Amino acid sequence: MKTPDITYKDHGLFTAFYAETKEGEEAWRELASVTDGTGKVLTIQAKQFIASLRKAGYVVQKAKESKQSIDDIFAELGE
């Protein structure tokens, strides 16, 4: 499977998009230009944005859940 250019995560009311490649950064900047710089859309609109990104040739996937806990992250930062 090809590395996604951009991933997304449903946060309830909003869905956030994250660039994963240089091409994804371009897509994210375009998205940010129409979302007041947030890269987030109302979740009810997410399917439309995902379809538009795919139609433009970007590989879009749901973001994978992290297996690290917040405590694991803080422990790494302390090292």
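A residue is called buried when its relative accessible area is under 20%, exposed when the value is over 50%, and partly exposed in between (1.4 Å probe, protein chains only). Keep that at hand for the exercises below.

This is a predicted model, where local features need pLDDT of at least 70 and side-chain atom pairs count only at pLDDT 80 or more, while totals for chains, interfaces and linings use all residues. Residues are numbered from 1 along each chain as its sequence is written, and side-chain values use heavy atoms, with hydrogens and water left out.

**Exercise 1. Find the salt bridge in the structure and say how exposed its partners are.**

Step 1: Start with the idea that side chains of opposite charge can pair when their charged atoms come close.
Step 2: Apply the cut-off: a side-chain nitrogen of Lys or Arg must be within 4 Å of a carboxyl oxygen of Asp or Glu.
Step 3: The whole structure gives one salt bridge. Lys 9 pairs with Glu 65, and their closest N and O atoms are 2.8 Å apart.
Step 4: Glu 65, at 57%, is exposed.

**Exercise 2. Work out what lines the largest pocket.**

Step 1: On a 1 Å grid over the protein atoms alone, a pocket is an open set of points where a 1.4 Å probe fits, with protein on both sides within 12 Å along at least five of seven lines; lining residues have an atom within 4 Å of a point.
Step 2: The lining includes Ala 27, Glu 30, Phe 49 and Tyr 58.
Step 3: Helices α1 (22-33) and α2 (43-55) each give two or more residues to this lining.

**Exercise 3. Say what stands out about the phi of Asp 36.**

Step 1: Most residues other than glycine have a negative phi.
Step 2: Asp 36 has a positive phi, near 55°.
Step 3: Asp 36 lies in the loop between α1 and β3 (40-42), and its relative accessibility of 78% makes it exposed.

Conventions. Helix = DSSP H or I, 4+ residues; strand = E, 2+ residues; numbered from the N terminus.
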